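Colleague: Before I use these labels, I would like to hear what stands behind them.
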Amino acid sequence: AQSVTQLDSQVPVFEEAPVELRCNYSSSVSVYLFWYVQYPNQGLQLLLKYLSGSTLVKGINGFEAEFNKSQTSFHLRKPSVHISDTAEYFCAGFSGGYNKLIFGAGTRLAVHP
Amino acid sequence: GAVVSQHPSRVICKSGTSVKIECRSLDFQATTMFWYRQFPKKSLMLMATSNEGSKATYEQGVEKDKFLINHASLTLSTLTVTSAHPEDSSFYICSAGQGAKNIQYFGAGTRLSVL
């Protein structure tokens with residue numbers, strides 16, 4: 001089955017601490033992978049994407065992700081989080097070409113002072 | 001770049017009325033646009049894929065006569081919720097695909113409340 005799995009529904013972390021949000025994809029999902037962020041009552045904003053090339057992808061707001069084909073993972077990381085990073089984060093991948101995104105269930109990142 | 005505008009951001013309507021939501025790509029042309037529905041604390045559920053100049057492709061279980069989609073130009077798609085009922089209350093989000101790989105950029109969403 002085509003799936004994108006986010007292993008943690010919630011991740012609490014203190015401000016200025018590092019964070020990793022985990023994402024695994026099934027082998028039937030194409031290796032075009034994305035991380036989006038959603039702030040309350042907002043749409044989704046593209047953080048970063050992996051299409052090809054370097055497996056370490058840098059995005060906006062200091063986030064980066066590493067594509068790992070052998071582990072079918074695309075974990076999102078930030079070395080030092082801010083209160084303003086509190087949001088819902090979605091990992092996604094294409095399914096069956098470029099016309100359908102499969103989303104993970106989302107991870108709620110809660111940054112505490 | 002890659003800005004998608006969605007309007008209105010919030011709408012409250014009476015049961016039985018119809019509501020139209022607009023999705024515009026402001027700085028790029030989008031052959032394909034997508035409409036999603038999001039339930040509280042849940043991920044996005046794809047409702048339909050909208051292609052410019054042709055009929056939309058609906059996902060299984062989505063009533064095409066209830067959720068009318070029109071993609072009249074390369075920068076505008078509309079979703080009309082016809083004869084809305086309280087169970088249609090939800091957060092609706094559109095996205096527009098940019099480039100050959102259809103990278104999706106999202107609108108800010110529309111909160112629909114049907115009384």
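Colleague: Why does A:F94 count as buried?

Modeller: Buried means under 20% relative accessible area, exposed over 50%, and partly exposed in between, with a 1.4 Å probe and protein chains only. A:F94 has 0% relative accessibility, so the residue counts as buried. A:F34 is buried too, at 1%. This is a predicted model: local features need pLDDT of at least 70, side-chain atom pairs count only at pLDDT 80 or more, and totals for chains, interfaces and linings use all residues. Side-chain values use heavy atoms, without hydrogens and water.

Colleague: What makes the pair of A:F34 and A:F94 edge-to-face?

Modeller: Rings of Phe, Tyr and Trp (its six-membered ring) pair if their centres lie within 6.5 Å; planes under 30 degrees apart are stacked, over 60 edge-to-face, the rest tilted. Here the centres are 5.2 Å apart and the planes stand at 85°, so the pair is edge-to-face. A:F34 sits in strand β5 of chain A and A:F94 in strand β10 of chain A, 60 residues apart.

Colleague: Why is the pair of A:F103 and B:Y36 said to join two chains?

Modeller: A:F103 belongs to strand β11 of chain A and B:Y36 to strand β4 of chain B, so the pair joins two chains. Strands are DSSP runs (E, at least two residues), as helices are (H or I, at least four), numbered from the N terminus.

Colleague: How do you know that B:E59 and A:K100 meet in a salt bridge?

Modeller: The rule asks for a side-chain nitrogen of Lys or Arg within 4 Å of a carboxyl oxygen of Asp or Glu. For B:E59 and A:K100 the N to O distance is 2.8 Å.

Conventions. Residues are numbered from 1 along each chain as its sequence is written. Chains are lettered from A and ligands numbered from 1 in the order in which they are written.
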